[in-house]
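Here is a short briefing on one model.

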Amino acid sequence: MTEPTGVTETPTKAGETKRVHWGTLAELNDTPEVRALREKEFLTPSEEATEPSRRDFLKLIGAGAAFAAAGCARKPVEKILPYIKMPEETIPGKAVWYASTCGECPASCGILVKTREGRPIKLEGMKEHPLNRGGLCARGQASLLNLYDPDRLKGPVAVDRASGAAKATTWGALDGRVAKALRDTRQAGGRVVLLTGTLTSPTTRALVTDFLASFPSSAHVVYDAVSSDAIAKAQELSYGERLIPRYRLDRADLIVTLGADPLGTFLSPPEFARDFASRRKPESGSMSKLVAIEPIVTLTGTNADVRHRVRPEHLLGVALALANELHVKNPRAPLSGNPAVGGKLRDYASQNVERDAGLPPGTLAALADELWASRGKSLILAGPQAAPANHAVALQVAVNLLNSALGNDGFTVDTFTPSLQAQGSEEAVLSLAERMRAGEVQLLVIHGVNPAYSLPSALGFGDLMKRVPFVVSISDRVDETARYADFVAPDNHYLESWNDHEPRRGIRSLAQPAIAPLYDTRAFQDTVLAWARAAGTGALAATMGTWHDYLREAWRKDIYPRANAAGDFDIFWEGALRDGVLEPLRGPNGSGAGAPFRPAALSEIPDTGSQTLSGGTLSLVLYTPVALYDGRSANNAWLQELPDPVSKIDWDNYVSISPSRAKALGVSDYEMRADMVTVDVGHAKFDLPVHVQPGLHPDVIGIAVGYGRTAAGRVGNKVGQNGYALAQATAGRVGLSGIPARLTKTGRQTPLACV
């Protein structure tokens, strides 16, 4: 399904012309507004003049175009001060490039940082990096603006946990209070918990391990708002090792996605986009085929050769029906004779699943035959949160069974060099919430995540933080979670910090500061070192030097001996910084199958078979937008202004509904004057504008997460609604799809910004 981009006229029998392409649904339906605009070629000046909106104002100030508002005002007088000692390598006006690693998200792409007079001004993808190979996503490009965000904290603050008000303090006072709390907690035998997002830096993980080792009841909980936990859990059940494979789109002749969006936001989009593009060249003589089966319209779906729309509740049935075709109906796969496999798949006949899911008869049988014909060169991907929470792990197990049956393990599904980009555990963070509720956590340190915003509102994580005696947030602002902390230790921007990254096993890249910290901030790792020394306990208490020294020493001991370097360590280190990336562990090349699939993993699959759902019920899908991702950069005006690649709408999230559902509800978004509706899932509800989206399943509605921030900053606050509030937390899973929802028309309208 592709959106029309122009108008084509074809002659009719009467000699007239008939339109066969339309730019909008309003043109297709020939609304009165369209007819009025068609008759009026030009607008009068009075019609063009409108009051500037808040969005217009934020566009101007956000991207540095506030000069447009200054008119012809006199420029303030400034004194020009020359360098006292100019660095030898610096030439005024000449750009200097540095190799580094993007820290905007756990994808950890290699980047080149363009600096001028010591200030970063542009980011580009690094062609030599084996992951992204010169590509860089929009969030990576825009992360430069986060460095110059005026709403970043200028120094450490103490927070009044009752009101959320912050007051400036000093690093000495903060470190002293934290050190005392650590000593008191250790003496009392209390629990210390460090809650972070995925840390792709192996040296940082080692530092965290050393820090927590001196607290017997400590724990490091890793949580990602955009989670791939279901994949890792299913891998553990299916093969015995918890990991996330490297998916080789460049090796696949046939790709089938079940709610996955590898070209949009799934796991490593720049890597997947490069791999996918390498196989979509007709002149090569061998083009891959992409089949997308999904409930909402994704960026991957818009690039598919074949696309089918289903409810999220039917994704598991579709996967099992394909497995049924290979193991039961027409036994071909290696485990066809296994009674455990046959027993689980018997109830998922393809004709029943097709009927329930609304697919044309024979669709799944034909797809199974195509997959079998491409065995060893096919790939099946399922979105880790595309199915309802109670189906999430089962769907991944079914996909593992299919990939194993087709001989994809070790070729298009590489477990020898797995991804390390998403290590969060939904079970761990929900277990932490229960421990906090029971008063079992005495000291909580939070870094790089915003659970009070991104966890379901029914969980009430902010209220649970009030039950923890001492809380510290390591963040760049007093965000929705930090307002419940005692102190906020401001973290550096990644362009101000040293670090290393291992996004995939065997690939090491370095991140070096391209500028000195603009404010009185401190790197997370330096903060951990300072607290360990102040507390006076553990292996880190006697260490000397900074985080840079710790990192350099770790590379001397761990990486340098395995790098087969010709020179001494200093030469090796300088070369690694210059190149930015190193592959010290060549190891296996990813060919050959690993452990065999374990049929016992199929116990995760429900015994009830495919269930028929009422066509009148609405199923909510919360999806990750390409621009705002999980909302961490909501205060970035470049990203707010970036149109969604599917809907072309910016500066808002909205309720995507199908044309048939919109007609039944009596709502529209013609001429971008969208009707407002109330979205109600029981435990939470709010109002949003509708967007009528062809290609969407008629019983599915979609809402982007990442919006609705209340403590992001002057740009991101109160833009849209917080979709995470509608999510479910059940049975150790955070559910973003298949949530029963009701829509009610409010009778109000609001404008939508659409290019």
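A pocket, on a 1 Å grid over the protein atoms alone, is an open set of points with protein on both sides within 12 Å along at least five of seven lines; a cavity is a set of points where a 1.4 Å probe fits but cannot get out; lining residues have an atom within 4 Å of a point. Grid points are joined across faces, edges and corners, and a volume is the space filled by probe spheres set on the points. This is a predicted model: local features need pLDDT of at least 70, side-chain atom pairs count only at pLDDT 80 or more, and totals for chains, interfaces and linings use all residues. Residues are numbered from 1 along each chain as its sequence is written, and side-chain values use heavy atoms, with hydrogens and water left out.

**Second largest pocket**
- The second largest pocket holds about 380 Å³ of space.
- Its lining has 23 residues; nearest the centre are Ala 452, Tyr 453, Ser 457, Asn 722 and Ala 725.
- Helices H18 (451-454) and H19 (461-465) each supply at least two lining residues. Helices (H or I, at least four residues) and strands (E, at least two) are DSSP runs, numbered from the N terminus.
- By class, this lining has 10 nonpolar, eight polar and five charged residues. Ala, Val, Leu, Ile, Met, Phe, Trp, Tyr, Cys and Pro count as nonpolar, Asp, Glu, Lys and Arg as charged, and the others, Gly among them, as polar.

**Cavities**
- There are nine cavities of 30 Å³ or more.
- The second largest cavity has about 90 Å³ of space.
- Of its 16 lining residues, Pro 625, Ala 627, Asp 644, Ile 649 and Tyr 707 are closest to the centre.
- Helix H23 (637-641) and strand E23 (649-650) are the elements that give two or more residues to this lining.
- The lining of the second largest cavity has 12 nonpolar, one polar and three charged residues.

**Sheet**
- Four strands form an open, parallel sheet in the order E13-E12-E11-E14. Strands pair if DSSP finds at least two bridges between them.
- E13 (306-309) and E14 (378-382) are edge strands with a single partner each, so one side of each lacks a neighbour in the sheet.
- E11 (residues 254-258) and E14 pair over five bridges. Leu 258 has Ala 382 in E14 as its bridge partner.

**Helix pair**
- The axes of H14 (residues 350-357) and H15 (residues 363-373) come within 8 Å and cross at roughly 125°.
- Ser 350, Val 353 and Glu 354 in H14 meet Thr 363, Leu 364 and Ala 365 in H15; contact means heavy atoms within 4.5 Å.
- Axes are lines fitted to C-alpha atoms, for helices over the stretch in contact, and angles run from 0 to 180 degrees between N-to-C directions.
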